[in-house]
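Here are a few exercises to work through with the model open on your screen. Try each one before you read its solution.

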Amino acid sequence: MTPKAPREDFSDEDMKITEPKDYAAGLGGVVHSMEPALKQMGPLRTAKLLLKMNHKDGFDCMSCAWPDPDRRKPAEFCENGAKAVTWEATPLKIQRSFWDEHSLTSLEDKTEYWLGMQGRITEPVYKPKGSDHYAPISWDRAFDIIGTHLRELESADEAAFYTSGRASNEAAFLYQLFARVLGTNNLPDCSNMCHESTGTAMVETVGIGKSTIAYNDFGKSDLIIIMGQNPGTNHPRMLTALQEAKENGAQIVAVNPLPEAGLFGYKDPQAVKGYIGKATKLADQFIQVRSGGDMALLQAISKRVLEAEGRAPGTVLDHDFIAAHSDGFEAFAEHIAQLDERAVEQATAVPTAEIDELADRYIQADSAIICWAMGITQHRKAVDTIREIMNLLFLRGNIGKPGAGASPIRGHSNVQGDRTMGVWEKMPESFMDALGAEFGFEPPREHGYDAVDGIRALAEGKLKVWVGLGGNLLGAISDTNLAEAGMRGTQLSVQLSTKLNRSHVITGEEALVLPVLGRTEIDVQASGPQYITVEDTVCAVHASHGQIPPVAPDARSEVAVIAGMAHAALGDRYGIDWLSFAENYDRIRDRIARVVPGCEDYNAKTRRRDGFVLPNGPRDSRTFHTETGKARITVNDLEPVECPPGRLILQTLRSHDQFNTTIYSLNDRYRGIKKGRSVIFVNPDDLAELGIEDGQIVDIFSEWQDEPDRVLRGFRAVSYPTARGCAAAYFPEANVLVPLDSAALESNTPVSKAVIVRLEPSTTPVGVGRPAVV
Ligand SMILES: Nc1nc2c(c(=O)[nH]1)N[C@H]1C(S)=C(S)[C@@H](COP(=O)(O)OP(=O)(O)OC[C@H]3O[C@@H](n4cnc5c(=O)[nH]c(N)nc54)[C@H](O)[C@@H]3O)O[C@H]1N2
Ligand SMILES: Nc1nc2c(c(=O)[nH]1)N[C@H]1C(S)=C(S)[C@@H](COP(=O)(O)OP(=O)(O)OC[C@H]3O[C@@H](n4cnc5c(=O)[nH]c(N)nc54)[C@H](O)[C@@H]3O)O[C@H]1N2
Ligand code: SF4
Ligand SMILES: [Mo]
């Protein structure tokens, strides 16, 4: 029986709040993973897909970028991977009548949840200028409209090409080539909002913006510090790796304002003991840091490391590493010696004894890994904080040796691969040279817009065409209202998507929605079935093979759509035969092999069952392609998050049942939330101080410089054990509160984890549809 799309939008009226959990997965995880899959897809499709997921001849999970172990279990997926597959492979399709029934104006009130639940997009649709409706259109006509608009631009820089991290390496490579042959580096991507701060800090300090460990290093490590990451929800199979690391003797420390379930305990749903036994205790120490306090914490640990060395010279620092492989130590040591402990206490709100304990653990450990994600990268001082992570690692030579290293945990399943393939508004000159030489053209050298600058350019009317290769920029970016107004000012917006979202509803004067195949689907082109390739968070590259027939005859692969757009806009400029790339993806891989460093013999290497691992200087040989050829120990000035009295530092984060702007359900099981999303988590002592009752409905005002307050109305205050002075709410809803200009220094990533807010009692009822913002 085919499931039905909901007609009515969802409501928070029946929201229920229960106690948060203190461990993740277990039987609950299995039940939760299979139930929606069976309901939406039926037993055959469910079995076929879930058992092929993350297997060597199967397809790569399209959800997060967590790697696959060498030895795979029969069921190598997690609850959230199963949700992602179900969401994509649902047999539910948007019917033709949908476009007649729903004007764009009427869709503006709909939640992301409702939009996504309408089913897969099956045919290209077009909204002409002046119309309030999309209507089906042929592919030829769609390409013609795109080609005409792009050819008519005065400058290629009036177009921008956004990418979300699900796109394959083949699609990403072709897409960036398209933009650059057209003549622009306007290639903003989701990474700009995600791990950009990581890239900025790591390229400077170690010469590569990626993890310096391999999967097996987790099992070899003495100490794993997890900062600003919620693996139980966002990288669930990481808990298996952590459990194994623990069995091998590793200690685990979690640093977070929230006591996230998955950080404390884990029952492996794949193991028999996981069904019945007790949860493995994961974290040996939990540091409940104040939002944005990590930089101070890291400096305080480094200070203790240096002091311990002072007490017992030659026993704590890795002098060989520091002397042979790094520079900047003296200046750093001098700077850290002056660290003011009171400033640390204020910034972190962590008792000194706990910092001492963590420093001891770090000094005792022969090998340490530091992992981090959005709780670190989405802060004003994120780049400095990551530089301090690197400093701390360098002091004890925790890089390029077994069980040790820096491990940013990436988000989208192929966000790292997309970057490797050239999706970046400022690729290095060496890449541009190789690209130009391979295709016989001079690529544009001026850097393009990133996501934040792209929105600014939209708001200033500088962009006429916006193309989105997946994703949901308008849902994901900060300052929703400003971003939406900007998008409405374009002449043409184009989205290549599997399902509907906000970015299809708020459009340019003309708009196109182009249906693409997802990773689960078999992709047949002129030369036969195609595979695509992806890179995970530890730089392993491998093939992914679709398993089920395409959702509809009119849905096309991303590669085919990009080739069609490029052909329409550029014809055979520079002798590039775009359509031939879509006939056989080996032809793209041959080009990748000659342009992208580390991808030599790309076709042969990606045909191996295990794929291959990209070279990584720091990991492989302590080689650092930095300005000085050494690992850079840096000096960074502390600047804590300022929060005036009566205000809270709001972080915007993910519930357990969402993937970024995709909402799978209104529940957040581990945090005890059922049937609702309009919540703000606040410490009970802060609620008392603010005179707000647990459960009271509040309006959230975000204060930014002298700009008028941004407001989100009708949210339920939930008493929750977050750090004092801190609060949390879900994005995308909370994005209206994040000012566009509030961005991380150097990386320009929206500061999604530190929005200064005040709460006021609300008269707005918790209601149906999108939350009220005015
Ligand atoms: N199921 C699921 N999986 C996903 C995603 C999803 O939406 N759903 N998204 C994917 C993507 S694109 C990404 S980038 C990753 C995101 O993975 P995460 O980074 O885990 O995602 P967030 O939900 O933003 O959680 C941020 C965590 O950092 C903590 N935090 C917030 N502020 C601070 C701080 O100042 N200091 C410290 N130490 N901690 C802080 C929060 O309490 C929270 O635990 O997940 C990927 N995987
Ligand atoms: N306030 C706040 N904002 C944030 C964050 C935060 O923590 N707080 N996190 C930021 C982060 S880390 C990220 S990565 C961004 C995410 O930003 P995006 O990557 O732009 O957003 P997603 O929600 O992942 O995109 C979902 C859409 O992708 C499309 N899609 C799904 N699968 C496919 C596919 O296979 N092919 C194609 N072509 N389309 C597909 C579907 O139409 C779906 O609606 O959001 C950022 N925004
Ligand atoms: S951990 Fe991430 S990649 Fe692995 S199955 Fe779960 S969601 Fe998919
Ligand atoms: Mo992300």
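**Exercise 1.** Which residues surround ligand 3?

Keep in mind that this is a predicted model. Start by picking out the neighbours: Asn54, Cys61, Ser63, Cys64, Trp66, Phe77, Cys78, Gly81, Pro236 and Arg237 surround ligand 3. Next, sort them by class: six are nonpolar, three are polar and one is charged.

**Exercise 2.** Find helix H10 and work out how many of its ten residues are buried.

Go to residues 238-247, which make up H10. Count a residue as buried if its relative accessible area is under 20%. By that cut-off, eight of the ten pass, so the helix is mostly covered. The buried ones are Met238, Leu239, Thr240, Ala241, Leu242, Gln243, Ala245 and Lys246. Now step just past the end of H10: Gly249 has a positive phi there, about 100°.

**Exercise 3.** Describe how strand S27 is covered and which strands it pairs with.

Take the faces to begin with. In a regular strand, side chains alternate between the two faces of the sheet. S27 covers residues 679-682, with Val679 and Phe681 on one side and Ile680 and Val682 on the other. All four are buried, so both faces are covered.

Then look at the pairing. With S29 (residues 710-719), S27 runs parallel over four bridges, and Val679 has Arg716 as its bridge partner in S29. With S30 (residues 726-730), S27 pairs in the antiparallel sense over two bridges. Here Val682 has Ala727 as its bridge partner.

**Exercise 4.** Work out the strand order of the open sheet that contains S19, and name its edge strands.

The sheet has three strands in the order S19-S20-S21, with antiparallel pairing. S19 (532-535) and S21 (612-613) each pair on one side only, which makes them the edge strands. Zoom in on S19 and S20 (residues 540-544): they are joined by four bridges, and Thr533 sits opposite Ala543 in S20.

**Exercise 5.** Does the radius of gyration agree or disagree with a compact globule?

Begin with the length, 774 residues. A compact globule of that length would come out near 28 Å; the protein has 25 Å, so the two agree. The C-alpha trace spans about 75 × 60 × 55 Å along its principal axes. Of the contacts between residues at least 6 apart in sequence, 79% join residues at least 24 apart.

Key:
Residues numbered from 1 in each chain as written. Chains lettered and ligands numbered in written order. Predicted model: local features only at pLDDT ≥ 70, side-chain atom pairs only at ≥ 80, totals over all residues. Heavy atoms only, no water. Buried < 20%, exposed > 50% of the residue type's maximum accessible area, 1.4 Å probe, protein only. Near = heavy atom within 4 Å. Nonpolar A, V, L, I, M, F, W, Y, C, P; charged D, E, K, R; others polar. Rg over C-alpha atoms; globule rule 2.2 N^0.38 Å. Contact = heavy atoms within 4.5 Å. Pairing = 2+ DSSP bridges.
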